[in-house]
Number of protein chains: 2
Amino acid sequence: MPAHTPAPVPSPAAPRALRVALLGCGVVGTQVARALLEHAEDLSARAGAPLELVGIAVRDASRPRDGVGTVIPRELLTEDAESLVDGADLVVEVMGGIEPARTLIRRAIDAGAFVVTANKALLAEQGPALFEAADAAGVDLSFEAAVAGAIPIVRPVRESLAGDHVRRVLGIVNGTTNYVLDQMDTHGLELSQAVKEAQELGYAEADPTADVEGFDAAAKAAILASLAFHTRVSIDQVAREGISSVTADDVAWARRTGYAVKLLAIAEQTSEGVSVRVHPALVPLDHPLAAVRGAFNAIFVEADGAGPLMFYGQGAGGRPTASAVLGDLVSAARDRLVGGKGPHESAYASLPVLPPAAAVTRYQVRLLVADRPGVLAQVAGVLADHGVSIDTVRQTAGEPPVGGAETGTASLLLTTHAAREASLAATVEALDGLEPVREITSVLRVEGV
Amino acid sequence: MPAHTPAPVPSPAAPRALRVALLGCGVVGTQVARALLEHAEDLSARAGAPLELVGIAVRDASRPRDGVGTVIPRELLTEDAESLVDGADLVVEVMGGIEPARTLIRRAIDAGAFVVTANKALLAEQGPALFEAADAAGVDLSFEAAVAGAIPIVRPVRESLAGDHVRRVLGIVNGTTNYVLDQMDTHGLELSQAVKEAQELGYAEADPTADVEGFDAAAKAAILASLAFHTRVSIDQVAREGISSVTADDVAWARRTGYAVKLLAIAEQTSEGVSVRVHPALVPLDHPLAAVRGAFNAIFVEADGAGPLMFYGQGAGGRPTASAVLGDLVSAARDRLVGGKGPHESAYASLPVLPPAAAVTRYQVRLLVADRPGVLAQVAGVLADHGVSIDTVRQTAGEPPVGGAETGTASLLLTTHAAREASLAATVEALDGLEPVREITSVLRVEGV
């Protein structure tokens, strides 16, 4: 176990120091370590006992790291994560990934340590098992940083809304895709250009798949749904669609018709169960989510009593994520001192998670159709046949006849009323087969209306 | 003590019911009572023990009230608030005003009851004494509903940011004035017209002084500052300026120059102390607070680690406020069962509250000046003399000479860099005395930049 400058000697009546083990020393871990070392007194005062950072587990302790050897004493680093966990009262896991994070957290829980994690992938996949283990051991497993970085959402939903009933959560929970869509909107960029720009600015990874295809958002959707509806949802139950098919034209059309395109994580409770999905959606420009620009995140919650609420802030980054981790750590320390805040499991129900086709949403469909009388009636007929009613239709003059063609084309923009995803999908398929339809230019869902 | 349908018989192992006394049966009280009666099982499950509404204290029990006699059994009403309080485990105060609320809350605290209040006026005036009493008695005094209605702000700031440091809070905490300013902005209304409209819609009282002159916002600013900086601020330490001098022209000019006018409650920590103030301010249109429309509230928090955060929702109304009260009630019940969450006082510092003149802000000043060479230099000279530097100047052609006058007028729009309120005020006074200055058309502070 690495040695460390001891915490200030406690006065005789003071509680003993709580030993904090940090797993991981990346962008978040470094900031957590710095704060624990530089603001030890302040954090300890808030926690109610000295918090002593006893070690930082890393894969390769010899690798040079920012801050290590200067602010962070080199002796704190260890490659023996297991011994570190075994001697800790509080374990902070910011290594990410499934293994060895899962095994180390299980080990910490089983040994009675209180655990704070920022690991969304792990919670989205293994959350139910880990929470069950934490309940069995009577320890806290805190995860504010795993949902939306710095944005406080766990306490507001779990505690502030404890006397209310959440109906729906709409979240912009991936900063990279929000930045990309925002750039497409404000500068008319195509997706590939905007992604390239995001990569240059460090907002997007070299391989942007996890963000662009909605995997990151889907993990957070699973955690949000579990939180909002006191049930267990895992990532494989989340219907997921990324932004890779969104074009500059889609975004421009959206704005022209009063919408912004956002990648949303959606969790809704219906009488039949819980619907959890991630997909690009049109959000009305006067909706608070439409004003969330750049790489910011926001979570919009609709509750029966409170009405609409929104929580806005930075969803990623070392310091913002560390802020959420430290908030959890202080709470976990307080709970540790009084013996725990009690079981999580008891408050959980087991609601059915609906299949994607059962979700209720609205579509906005752009079509190119033959420009001749009767076409709109045919199109409307297809919608009616599928039980989908039309909210608005907007017809735009298209291209004149080319060559020997009989008719030119017109552009139709249909917005539907709410209907089942399955009916909407079947409608689009039928439209695609309709003789006068030349092209289905785009299909986007509308949310937040 | 009024009789009441007993709570469901608890199973042998279940904890005893917690007796809830409700003080007040207005718009908020009615909703709290309904929820306690209609969702008793759900709330009890979340609280960890049955919550039994044992009585509702009102001034006149014979007065007809919505819901009383139907959802709310008439026998629950009592005019004997003191006996009701004496027999309660949990006391919910939603009567408002200073007395008898203060005396009843003190009585509850001294008897060891946990208290939930939505009373911002009382907390802004008597908060320090009440929190001290609660700490001495080892009971919770919860007040989420007193800050911004349904918007969760107490837990996020106190717990989620426990490992961070709040620098500044900017709040739109009065829905009436936000609605009024928004109507002035979107429809070009004058203040008096917009206030009249707000009155017709029920957003403003017949006597709108408390809202329009910023008294309501000042009470909330005091509570917010106490919360954000772990110190004690009372309403008489808050510099307050309402929106009564804001004209349609001010709002139109603001928009033309890239700002929205908002009534802000501001709490800032500087190296010298805490500055707490309420005044109308220009907020850049791309700032999240500028997108807060209608009667909505929002609280923007800047923290060292988390960066910018915003919390948005309904700041008033029976059901939203009741949602916050019920959230507190469930938490208070949980704490009551385990013996309290511990002292509030320990975490509080005693920071100096700065006098209004010490606040640092920016001014945007509109002037009518004589339209002749050298005037801008004279104006700039006045600013320089007071150590105030100019950010931007915008000169607009004014009126041509009238009658026998030598010169016409031009309009100047000056935006300053940040400076002390005292220097800015002195600058404006000096400009007012400057020969070529015909009129100081408006002076507005700029915040959020």
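**Reading a two-chain predicted model**

Author: His230(A) is partly exposed, because 18 other C-beta atoms lie within 10 Å. A residue is called buried with 20 or more other C-beta atoms within 10 Å of its own, exposed with 12 or fewer, and partly exposed in between, the C-beta atoms being placed from the backbone. The model is a predicted one: local features need pLDDT of at least 70, side-chain atom pairs count only at pLDDT 80 or more, and totals for chains, interfaces and linings use all residues. Residues are numbered from 1 along each chain as its sequence is written, while chains are lettered from A and ligands numbered from 1 in the order in which they are written.

Reader: Is the peptide bond from Glu99(A) to Pro100(A) cis or trans, and in which loop is Pro100(A) found?

Author: That bond, from Glu99(A) to Pro100(A), is cis, with omega near 5°. Pro100(A) belongs to the loop between E4 and helix H4 (101-110) of chain A. In chain B, the bond from Glu99(B) to Pro100(B) is cis, with omega near 5°.

Reader: The loop between H11 and E8 of chain A also holds Val233(A). Is Val233(A) buried or exposed, and which residues does it contact?

Author: Val233(A) is buried, because 24 other C-beta atoms lie within 10 Å. Two residues are in contact if their C-beta atoms, placed from the backbone, lie within 7 Å. Leaving aside neighbours within four places in sequence, the contacts of Val233(A) are Ala222(A), Ala225(A), Ser226(A), Val274(A), Val276(A) and Val353(A). Val233(A) and Ser275(A) stand 42 residues apart in sequence, with their C-alpha atoms 9.9 Å apart. For chain A, among contacts between residues at least 6 apart in sequence, 75% join residues at least 24 apart.

Reader: Into which domains is chain A divided?

Author: Domain bounds come from an automatic or database domain assignment. Chain A is divided into domain 1 (18-149 + 319-347), domain 2 (155-314) and domain 3 (359-446). The C-alpha centres of domain 1 and domain 3 of chain A are 53 Å apart. The C-alpha trace of chain A spans about 90 × 45 × 35 Å along its principal axes. Chain A has 15 helices and 17 strands, and buried residues form 53% of its 449 residues.

Reader: In what order do the strands of the open sheet in chain A run?

Author: Strands of a sheet pair through backbone hydrogen bonds, either parallel or antiparallel. Two strands count as paired if DSSP finds at least two bridges between them. In chain A, six strands form an open sheet in the order E3-E2-E1-E4-E5-E6, with parallel pairing. Its edges are strand E3 (77-78) and strand E6 (141-142) of chain A, each pairing on one side only. Strand E2 (residues 51-57) of chain A is joined to E3(A) by two bridges, and Ala57(A) stands opposite Thr78(A). Helix H1 (residues 27-38) of chain A lies across strand E1 (18-23), E2 and strand E4 (90-93), at about 150° to E2(A). Such angles run from 0 to 180 degrees between N-to-C directions, the axes being lines fitted to C-alpha atoms, for helices over the stretch in contact.

Reader: What rotation superposes chain B on chain A?

Author: Copies are superposed by least squares on the C-alpha atoms of residues with pLDDT of at least 70 in both. A rotation of 180° with 0.0 Å of shift along its axis brings chain B onto chain A (RMSD 0.0 Å). The two copies are therefore related as by a two-fold rotation axis. In chain B, the C-alpha nearest the axis is that of Phe311(B), at 2.4 Å.

Key
Helix = DSSP H or I, 4+ residues; strand = E, 2+ residues; numbered from the N terminus.
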